[in-house]
Amino acid sequence: MPEKGRAAQPGQGEPALVVGKAYDLCLWLLPKVEKLPRAYKFTIGERLVTESLSLLLSLVEAAYSRSKEAALARAVTHTNAVRYLLRLSKDLRLIPESSWEFAAERVDEIGRMVGGWRRAKGEPGA
């Protein structure tokens, strides 16, 4: 049985784990964006939500498709976008440094897992 708040997992191993971690990041991030100042909620906040959800959906697509290369490449792009948007949010003092540290650790972990998944599939550039 999945943990409370955890997405249904596509299977065993790293693909299921990284999808769950991306889901948990989205679950944590969405309420944080709602608390951003109005001036940034619809710019940086909206992009953070869009990129984090796109990351999650790219990982779900990779987990369930036979051809994973394109979905994993998109996941890398979305991971980097989330990373830089979080950093910008911290530097603009939109989120506390402790929240940034928490999120940055999760994004780094997801990035390492996606890279490992790509290497395991023998993808170029992984």
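Hi everyone! The model on screen is predicted, so local features need pLDDT of at least 70 and side-chain atom pairs count only at pLDDT 80 or more, while totals for chains, interfaces and linings use all residues. Residues are numbered from 1 along each chain as its sequence is written, and side-chain values use heavy atoms, with hydrogens and water left out.

First, α2 and α4. Helices here are DSSP runs of H or I with at least four residues, numbered from the N terminus. Helix α2 covers residues 38–64, and its axis packs 13 Å from that of α4 at an angle of about 25°. Axes are lines fitted to C-alpha atoms over the stretch in contact, and angles run from 0 to 180 degrees between N-to-C directions. So α2 and α4 are roughly parallel to each other.

Which residues of α2 and α4 meet? From α2 come L55, L59, A62 and A63, and from α4 come I110, V114 and W117. Contact means heavy atoms within 4.5 Å. By class, that contact has seven nonpolar, no polar and no charged residues. Here Ala, Val, Leu, Ile, Met, Phe, Trp, Tyr, Cys and Pro are nonpolar, Asp, Glu, Lys and Arg are charged, and the others, Gly among them, are polar.

Now for α1 and α4. Their axes come within 10 Å and cross at roughly 155°, with α4 spanning residues 97–120. That makes α1 roughly antiparallel to α4. The contact includes L17, L25 and W28 of α1, and F102, I110 and W117 of α4. Its residues divide into 13 nonpolar, two polar and five charged.

How many cavities of 30 Å³ or more does a search of the whole structure find? The search finds one. A cavity is a set of points on a 1 Å grid over the protein atoms alone where a 1.4 Å probe fits but cannot get out, and lining residues have an atom within 4 Å of a point. The largest cavity holds about 50 Å³ of space; a volume is the space filled by probe spheres set on the points, which are joined across faces, edges and corners.

Among the lining residues are W28, K32, L48, S89 and I95. Helices α1 (14–34) and α3 (69–91) each supply at least two lining residues, and α1 gives the most, with four.

Conventions
1 Å grid on protein atoms, 1.4 Å probe; cavity = no way out; pocket = protein on both sides within 12 Å on 5 of 7 lines; lining within 4 Å. Parallel < 35°, antiparallel > 145°, perpendicular 65-115°, else oblique.
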